[in-house]
Amino acid sequence: MVPLSWYLILAAFVFSSGLFAALGRRNAIAVLMGIELMLNAANINLVAFWRYGVAPMENVDGQVFALFVIAVAAAEVAVGLALIISIYRNRKTVNLDELDLLQG
Amino acid sequence: MAELFPLPPLPTFAQVVFMGIALLTVVGSLIVVLSRNLFHSALGLIAAFFGAAGVYFIAEAEFVGVSQVLVYVGAISTLIAFAIMLTRGMMFGVTSPRNRQSGTAAIITALTFVVLTALMNATPWPQAGEPITDGEAVIARIGSMFVNEYVVAFILLALLLLVSLAGSIVLARDRK
């Protein structure tokens, strides 16, 4: 069987790359993709801890949480992309460093 | 490498499969982060989603894996591809895909990964989980948890999906 630490290291890598996309990319859609990667890393951890926890046949809370995360991510990405399209229609750009309307 | 992952002398079949799937996930997420073309980023994201689904299958969470393929690969990737095409002016001719603070972001991200990996190596983890004898019983248990323990969250989630889908239609509508 695969050791638990392999899952955790994989999830840590996916989370870190998602964090870099969210902090360092210029395009708003790329930032949204980074957030999706981070949610996936959390899901990998949830499922891995469910599998290696006590009585995985009975305590399936980890899988239930992962399914909740998937559904919330679907809602989040729908609203986020609608916002990006709306911003693009008004400002003709989705570069985050040009969207400084609230900067004093 | 050998200090990070204490490999057994001969990896089992499941471990080899896991390594391949993990490689797919890692390469996919690297493409998402580093690619200059936004569409290549979206394709890398699909690869990373498939890799995560494979990880769920290896962990014997089949239902989550199927949901991952349906929701992420089927729906979210399509949404992102449509959004890229609708904001097409941004796909080409960008001077740099990264913003001004990307250097700081890279340092913070590398530190996060190093600290997380060091903490994981310092903690003793179980090498094997308890065996799952009946996969269908697990799925039945998930279903009964959705309508018993987590029924309030389940209904709220349905409401959230309805509101967010209606709201995104209103937001993206052309007001003319």
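This is a predicted model: local features need pLDDT of at least 70, side-chain atom pairs count only at pLDDT 80 or more; totals for chains, interfaces and linings use all residues.
**A tour of chains A and B**

H6(B) has 22 residues and spans 32 Å from its first C-alpha to its last, close to the 32 Å expected at 1.5 Å a residue. Is H6(B) mostly buried or in the open? Of its 22 residues, 2 are buried, so H6(B) lies largely in the open.

Next, colour the side of chain B that touches chain A. Chain B brings 78 residues to the contact and chain A brings 65. On the chain B side, at least two residues each come from H1 (13-34), H2, H3 (62-86), H4 (102-122), H5 (135-147) and H6 (151-172). Which of these helices gives the most? H3(B) does, with 12 residues. Sorted by class, this side of chain B holds 53 nonpolar, 20 polar and 5 charged residues.

From H2(A), pick A:Ile29, A:Ala30, A:Met33, A:Glu36, A:Leu37, A:Asn40, A:Asn43, A:Ile44 and A:Val47. From H2(B), pick B:Leu38, B:Ser41, B:Leu45, B:Ala48, B:Phe49, B:Ala52, B:Val55 and B:Tyr56. The residues of this contact between H2(A) and H2(B) comprise 13 nonpolar, 3 polar and 1 charged.

Technical notes: Residues are numbered from 1 along each chain as its sequence is written. Chains are lettered from A and ligands numbered from 1 in the order in which they are written. Two residues are in contact if their C-beta atoms, placed from the backbone, lie within 7 Å. Helices (H or I, at least four residues) and strands (E, at least two) are DSSP runs, numbered from the N terminus. Ala, Val, Leu, Ile, Met, Phe, Trp, Tyr, Cys and Pro count as nonpolar, Asp, Glu, Lys and Arg as charged, and the others, Gly among them, as polar. The expected span of a helix is 1.5 Å times one less than its number of residues. A residue is buried if 20 or more other C-beta atoms lie within 10 Å of its own, exposed if 12 or fewer, and partly exposed in between; C-beta atoms are placed from the backbone.
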